[in-house]
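Please look over the sequence and the model shown below. The briefing that follows treats helix packing, the nonpolar core and a few single residues.

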Amino acid sequence: MKNYKITQARHLIESTNLSLLEISQRCGYQRVDSLARTFKATYGLTPSDFRLQQKELLTL
């Protein structure tokens, strides 16, 4: 279940402009910091940093 939730969150971060609060709620996290902690443990970046990195890659 955890893998599905964090994968879904990553997809929404990459493909939408939804706020992290809305993404965390849609993916079943009670709080944004729970999403952030799990995301960083999984991908090595905070959700915000990951989103910035993805936008930078798209502009190359």
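Within what distance do the axes of H1 and H3 come, and at roughly what angle do they cross? The axes come within 11 Å and cross at roughly 95°, where axes are lines fitted to C-alpha atoms, for helices over the stretch in contact, and angles run from 0 to 180 degrees between N-to-C directions. H1 and H3 are therefore roughly perpendicular to each other, a term that covers angles of 65 to 115 degrees.

This is a predicted model, in which local features need pLDDT of at least 70 and side-chain atom pairs count only at pLDDT 80 or more, while totals for chains, interfaces and linings use all residues. Residues are numbered from 1 along each chain as its sequence is written, and side-chain values use heavy atoms, with hydrogens and water left out.

**The H1–H3 contact**

- On the H1 side the contact (heavy atoms within 4.5 Å) is made by Lys2, Ile6, Thr7, Ala9, Arg10 and Ile13, and on the H3 side by Leu35, Thr38, Phe39, Thr42 and Tyr43.
- Helices here are DSSP runs of H or I with at least four residues, numbered from the N terminus.

**Helix H3**

- H3 has twelve residues and reaches 16 Å from its first C-alpha to its last, close to the 16 Å expected at 1.5 Å a residue; the expected span is 1.5 Å times one less than the number of residues.
- Ser34, Leu35, Thr38 and Phe39 of H3 are buried, where buried means under 20% relative accessible area, exposed over 50% and partly exposed in between, with a 1.4 Å probe and protein chains only.
- These four residues cover an arc of only 125° around the axis, which puts them on the same side of H3; the arc is that of the directions from the helix axis to the C-beta atoms.
- The buried residues of H3 pack against H1, H2 and H4, whereas the face turned away from the buried side carries the exposed residues Arg37 and Ala41.
- Gly44, which follows H3, has a positive phi, near 85°.

**Helix H4**

- H4, formed by residues 47-58, has twelve residues and reaches 17 Å from first to last C-alpha, close to the 16 Å expected at 1.5 Å a residue.
- Pro47, Phe50, Arg51 and Gln54 are buried in H4, and they cover an arc of only 100° around the axis, which puts them on the same side of this helix.
- The buried residues of H4 pack against helix H1 (2-15), helix H2 (20-26) and helix H3 (32-43), while Leu52 and Glu56 are exposed on the other side of H4.

**The largest nonpolar core**

- A nonpolar core is a set of buried Ala, Val, Leu, Ile, Met, Phe, Trp, Tyr and Cys residues joined through side-chain atoms within 4.5 Å.
- The largest such core has eleven residues, namely Ile6, Ala9, Leu12, Ile13, Leu18, Ile23, Cys27, Tyr29, Leu35, Phe39 and Phe50.
- H1 gives the most to this core, with four residues.
- Leu18, one of the core residues, touches Leu12, Ile23, Arg26 and Arg51, not counting residues up to four places away in sequence.

**Single residues**

- Lys55 lies in helix H4 and is partly exposed, with a relative accessible area of 46%.
- Lys55 and Leu12 are 43 residues apart in sequence and 13 Å apart in space, C-alpha to C-alpha.
- Gln25, found in helix H2, is exposed, with a relative accessible area of 53%.
- The C-alpha atoms of Gln25 and Leu45, which are 20 residues apart along the chain, are separated by 20 Å.

Conventions: Helices (H or I, at least four residues) and strands (E, at least two) are DSSP runs, numbered from the N terminus. Angles under 35 degrees count as roughly parallel, over 145 as roughly antiparallel, 65 to 115 as roughly perpendicular and the rest as oblique.
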